[in-house]
Amino acid sequence: MGIQFGGDYNPEQWPEEVWAEDLKLMKAAHVTMVTAGIFSWARVEPRSGQWDFGWFDRVMDNLAGAGIAVCLATMTASPPPWLSHAHPEILPEGPDGQRRWPGGRQHYCPSSPVYRAHAVRLVEQLATRYAGHPALAMWHIGNEYGCHTRQCYCAVSAEDFRRWLRERYESVTALNAAWSTAFWSQGYGDFDEVLPPRTAPTFPNPAQQLDYLRFGDEALRACYLAEKEVLNRLTPEVPVTTNLMPQHKPVDAFAWSAHMDAMALDFYQDPYAGDDHIRAGYVFDLMRSARSGQPWMLLEQAPSAVNWRPRNGPKPPGAMRLWSWQAVAQGADAVLFFQWRQSLGGAEKFHSAMLPHGGTDTRIFREVSELGRELASLAGIEGTRSRAEVALLADWHSWWALELDSKPSTALEHSRIALEHYRPLFEAGVACDVVPPQRELNDYRLVVVPNLYLLTARDAERLTAYVRDGGRLVVSFFSGIVDEYDRVHPGGAPAPLRELLGLRVEEFWPLDAGRTVAVEGAYAGRADLWSEAVDLEGAEALARFADGDLAGRPALTRHTYGRGTVWYLGTRPEPVLMRALLDDVRRAAGVAPVVPGLPAGVQATVREGAGGRYLFLLNHGTDTVEVGLPEPMREALAADGARGGTVDRVTLAARGVAVLTDD
Ligand code: GAL
């Protein structure tokens, strides 16, 4: 089968005469898969219960005839006007009680039984009609859950939240204890008194906010699962997925992964960001790790510019190719785009497409077709996997809790902190998994905990056991502070990690905006964002604060515990220091880069399996570089796109890609 290649196909935007040309040009561009029907609800059900599938039958038949597989959308992401007209109660409300009106998309309350019933009815029609259709390869449920409507606060959601709370806590006494309602006279006498955390005069109860984030994620997932139930019943052999978004707070990718037959991601690298490939690297690794290394799908990316940033830079020549190969290098078995043919009207007419307004005689179409050809030429990559010796922990519950209001500092952002810990590993060319704290850790030589503010006693014990048994662990500040209800662990911070880390934090000392402090010792330089008053209880100080309020107190520590070692960061070291520290730590853990001595800016990954062993080299830098290989390999895809012979060095131009194999 090979790596799937294609994009969103929205034929309803075009007269049927155009469809034949679509198929011809898709073949020319080496398209193997499209995701179709994502926003077709109003066309297939123009009035409630009146179905018009004839045109879509022709789309499906045409694609089958052309040998193009369809990842068929369930069409439920944008309810048609008749539905919200007849049932305005499906419209979502913000925390301020303001209704979100139709006119865009995703204007539904996830808890709405009316929305769900209509969605399920549509999915039953679709699954019944297209079961066994030769084009049907996969189901694509909804679209980017929680992208626009992250949470709803309406009366229907409030009722659903109370149901959720009753199931979770069983008694209002348990709810009161979990939410610390003795504070500010918030004790509830009955579940009926509970509301969503709507806009209040001051900070709403943090545990209530945290549970509302959990509930919101589950409400979205309930929509997905309601559709999935129909699909699994009517087309049990067809795999099911949905397109997740990168570092998307409302949707816990780890929790969703159990219900997806393949992880699927939309990722729009920002050409103007300069280093967005590092964010991509983190999210791609998370996608691969979520289902324990199973290949995932890049379900959407832009061929060039998007239309939704303030300034939308096109991808310069070679960037789309490089970033597509990056996804494959990090475990993707599908590279798809939004969208096939560029729209003439509507909100996305300035968003690039595989087939631009300018037609086939365009840079974009040429680059897209060339990428399709390259991917088709390396079908053996499909199904191969990577192995990592380093795990970075990520946890949505901790993220949700960390970014609630009323904290020592509101400047701690989960996504940024995660990337600050990921970057040194990425830049060193070290393979890394991104996993939840509950994952088995013993197979990893090194585990990095960027910032786990919320850590259950059980997960803290798992980290402790990991080190006791010989593991190497890095833990950053403000970890292990609260339990699952955002209640501080008693016993002095970070209570459940105190023995493991060999220290206590007497006081948090977040640094003011723009303020830096000096650290000195084995690591010397500057740090910012955070500091804390650490007392050693068995750990040694590797570096101490050299100025500021905490001068002389430990800033970076190391503790031998059982058969393992744990490092602790009581501040945010500047990037060069962070790199130096993590380089030392991974050497101590015996973790080697995929290719030793990689030039700066070059990414190296390995995938192997039945289809062979592949080394991917990707030059994200702006200079031409030479990469020496650990052993001679054959160029499966040479830097110029051709195939070459066996080499022990590769020259990579800026944005160059080489794929090598040893078969
Ligand atoms: C995604 C969405 C697509 C399209 C795309 C544009 O968020 O799933 O339908 O809107 O963005 O970048």
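Trainee: How many Å apart are the C-alpha centres of domain 2 and domain 3?
Mentor: They lie 35 Å apart, with bounds from an automatic or database domain assignment. This is a predicted model, where local features need pLDDT of at least 70, side-chain atom pairs need 80 or more, and totals for chains, interfaces and linings use all residues. Numbering starts from 1 along each chain as its sequence is written, and side-chain values use heavy atoms, without hydrogens or water.

Trainee: Where do the domains run?
Mentor: Domain 1 comes in two pieces, 4-148 and 236-377. Domain 2 covers 390-588, and domain 3 covers 602-661.

Trainee: Switching to the ligand, which residues surround it?
Mentor: Around the ligand you'll find Phe39, Arg105, Asn143, Glu144, Asp266, Tyr268, Glu300, Trp308, Phe338, Glu348 and His351, each with a heavy atom within 4 Å.

Trainee: What about Glu144, how far is a polar side-chain atom from a ligand oxygen?
Mentor: That distance is 2.3 Å, inside the polar-contact limit (N or O atoms within 3.5 Å). Asparagine 143 has a side-chain N or O atom 2.9 Å from an oxygen atom of the ligand. For tyrosine 268, a polar side-chain atom sits 3.4 Å from a ligand oxygen.

Trainee: And what share of the ligand's surface does the protein bury?
Mentor: The protein buries 95% of the 310 Å² that the ligand exposes when taken alone, using Shrake-Rupley areas with a 1.4 Å probe.

Notes: A polar contact is a pair of N or O atoms within 3.5 Å; within protein, one must be able to donate a hydrogen and the other to accept it, and residues adjacent in sequence count only if both atoms are side-chain atoms.
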